[in-house]
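Please open the model in your viewer and keep the selection panel at hand. The tour below goes from one selection to the next and says what is there.

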Amino acid sequence: RETEGALTEAFEEQLSLCPGLKYKHLDLHAQVTDSNLALDDQLDGFSRRLSQEIQAFGYLDGTRKPPQKLQCGVLRTSCFDCLDRTNMLQQQVVWLWLAS
């Protein structure tokens, strides 16, 4: 947990150098620890709730110079005791984003 706190602090410090950048941090460990729902259902719920917010982040389209679109947000997920949970949520978020 100590290293996660240091990582979060360093990440947020770097974000402060990018005024206007939107940032969403989801601590999965805190979210799933006390729930009776199956992990798949929980992750699906998180990704659906985050979907609109992430859509607003946009994406970088660097296929031309200058870039046609710029990304204006970052989603960070963490789970200090299970990297698989983090990866599963990231995958679900990306699939929802690509499908839209």
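Contact here means heavy atoms within 4.5 Å. The model is a predicted one, in which local features need pLDDT of at least 70 and side-chain atom pairs count only at pLDDT 80 or more, while totals for chains, interfaces and linings use all residues. Residues are numbered from 1 along each chain as its sequence is written, and side-chain values use heavy atoms, with hydrogens and water left out.

The C-alpha trace spans about 50 × 35 × 20 Å along its principal axes. Of the contacts between residues at least 6 apart in sequence, 61% join residues at least 24 apart.

Next, select Leu 26, Leu 28, Val 32, Leu 43, Phe 46, Leu 50, Ile 54, Phe 57, Leu 75, Cys 79, Leu 89 and Val 93, the 12 residues of the largest nonpolar core. Such a core is a set of buried Ala, Val, Leu, Ile, Met, Phe, Trp, Tyr and Cys residues joined through side-chain atoms within 4.5 Å, where buried means under 20% relative accessible area, exposed over 50% and partly exposed in between, with a 1.4 Å probe and protein chains only. At least two residues of this core come from each of α2 (28–32), α3 (39–57) and α4 (83–99), and α3 gives the most, with 5 residues. Centre the view on Leu 28, which, leaving aside residues up to four places away in sequence, touches Leu 43, Phe 46, Ser 78, Cys 79, Arg 85, Thr 86 and Leu 89.

Now move to Thr 77 in strand β2. Is Thr 77 buried or exposed? Thr 77 counts as buried because its relative accessibility is 10%. Its side chain makes a polar contact with the side chain of Gln 90 at 3.0 Å; such a contact is a pair of N or O atoms within 3.5 Å, of which, within protein, one must be able to donate a hydrogen and the other to accept it, and residues adjacent in sequence count only if both atoms are side-chain atoms. Not counting residues up to four places away in sequence, Thr 77 touches Leu 26, Thr 86, Leu 89 and Gln 90.

For the largest pocket, select its lining: Ile 54, Phe 57, Gly 58, Tyr 59, Gln 71, Gly 73, Val 74, Leu 75, Gln 90, Val 93, Val 94 and Trp 97. A pocket is an open set of points, on a 1 Å grid over the protein atoms alone, with protein on both sides within 12 Å along at least five of seven lines, and lining residues have an atom within 4 Å of a point. The elements giving two or more residues to this lining are α3, β2 (73–78) and α4, and the largest share, 4 residues, comes from α4.

Finish at the loop between α3 and β2, where Pro 66 lies. Show the backbone here, since most peptide bonds are trans. A cis peptide bond joins Lys 65 and Pro 66, with omega about -5 degrees.

Terms used
1 Å grid on protein atoms, 1.4 Å probe; cavity = no way out; pocket = protein on both sides within 12 Å on 5 of 7 lines; lining within 4 Å.
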